[in-house]
Amino acid sequence: MMVVICAWDVAKDVSGPAAWVRRLVVQLSELGDEPHVFCYCAGNPALAPNFSWLKEAGYPVSGLDVKNMRQAVRWTLEQTAKHKADVVIADNVVPAHYAAKWLRPAGIPVVSVQHSHDQIYNNLARSFLGPSTEHRASAYVAVSDFVKKSAEVHAQGLRSATIACGAPLPKIQAQPPDRGELRLIYVGRITERAKRVLEVGKALSMACDRVPGVTATMVGSGPLADELTDLLAKLPGGEKVDFRGRLPLDEVQHVMAQHHVCVLLSDYEGTPISLMEGMGAALVPIVTRLESGVPELVEEGVTGFYVDDREEDFV
């Protein structure tokens, strides 16, 4: 089966969905399908991380420097016809959803993916999953039961399934801490939206300052990277927080396995891939209490721990 996977491809993107695209291509290929990735880029596709990785690894990939919506929709239709796709996974790519108006009548199903229940995905569901839109997807996949229920408000009667993105189990696993040391790690976008990364930096610094033997690492890229660096330099305990910036996606779990605890103190999530990566590497998660996919992964005191804030309760 020829499966087209659509993906935004942005420089320095370390998001979970970006990692998921690569893993999905590998897994579909191993199952005997023929995946082909359409990368939607803000600039030269040759400089985009997923396009470059897929090209170098020998997987079929096409890239577009997106200028406007009309151009991107037309390109999606042309490429789909050229490669004789059997199904299009639109993921969260808006031009691919608009293309459903022409793809569905041609017998090519278009599958939307709901990675979260925030305003961005709420808008995507309202615009492309409802029965009144001519651009309606053929089906949608949600990464958690909670996200699926959120999308159902708009997706009346649309075929759906809950499938978490998942994460591999690396050969290198985290080891129990030696007496007197505990290494924490945050992996994710360096942004305030959802992640509240500056407060995470403060929380990790506070833990390093107050609890003997605690050190921390932060991995990721985003618009607040410089501000986070400046903040850590000023905070007590901040000198014990190693902000490494962006790492290659295939190195992230190896680095995580050198720690003991993965920290995710977000306002909201879907089913966070970084959390699954950490748990897959045998780290213990410490998370904020969220309604979404986190409770489907973390059982208090069994598979991890919940905290009520990013301050005293966390420490």
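This is a predicted model: local features need pLDDT of at least 70, side-chain atom pairs count only at pLDDT 80 or more; totals for chains, interfaces and linings use all residues.
Residues are numbered from 1 along each chain as its sequence is written, and side-chain values use heavy atoms, with hydrogens and water left out.

**View 1. An open, parallel sheet of seven strands.** Follow the strands in the order β3-β2-β1-β4-β5-β6-β7. At the edges stand β3 (61-65) and β7 (159-162), each with a single partner strand, so one side of each has no neighbour in the sheet. From one strand to the next, the twist averages 20°; axes are lines fitted to C-alpha atoms (for helices, over the stretch in contact), and angles run from 0 to 180 degrees between N-to-C directions.

**View 2. Strands β5 and β6, with helix α7 packed on the sheet.** Here β5 (residues 110-114) and β6 (residues 139-142) pair in the parallel sense over four bridges; look for Q114, whose bridge partner in β6 is A142. Helix α7 (residues 145-152) touches β5, β6 and β7, and its direction makes about 145° with that of β6. Contact means heavy atoms within 4.5 Å.

**View 3. The buried face of helix α10.** In α10 (residues 249-256), the buried residues are L249, V252, Q253, V255 and M256; buried means under 20% relative accessible area, exposed over 50%, and partly exposed in between (1.4 Å probe, protein chains only). Seen down the axis of α10, these residues fall within an arc of 160°, so they line one face of the helix; the arc is that of the directions from the helix axis to the C-beta atoms. Among the elements they pack against are α1 (16-30), α2 and β8 (182-187).

**View 4. T217 in strand β9.** You will find T217 in β9, buried with a relative accessible area of 5%. T217 and L184 are 33 residues apart in sequence and 6.3 Å apart in space, C-alpha to C-alpha. Not counting residues up to four places away in sequence, T217 touches L184, I185, Y186, D242, R244 and H259. The side chains of T217 and H259 are joined by a polar contact of 2.8 Å, meaning a pair of N or O atoms within 3.5 Å; within protein, one must be able to donate a hydrogen and the other to accept it, and residues adjacent in sequence count only if both atoms are side-chain atoms.

Definitions and conventions:
Two strands pair if DSSP finds at least two bridges between them. Helices (H or I, at least four residues) and strands (E, at least two) are DSSP runs, numbered from the N terminus.
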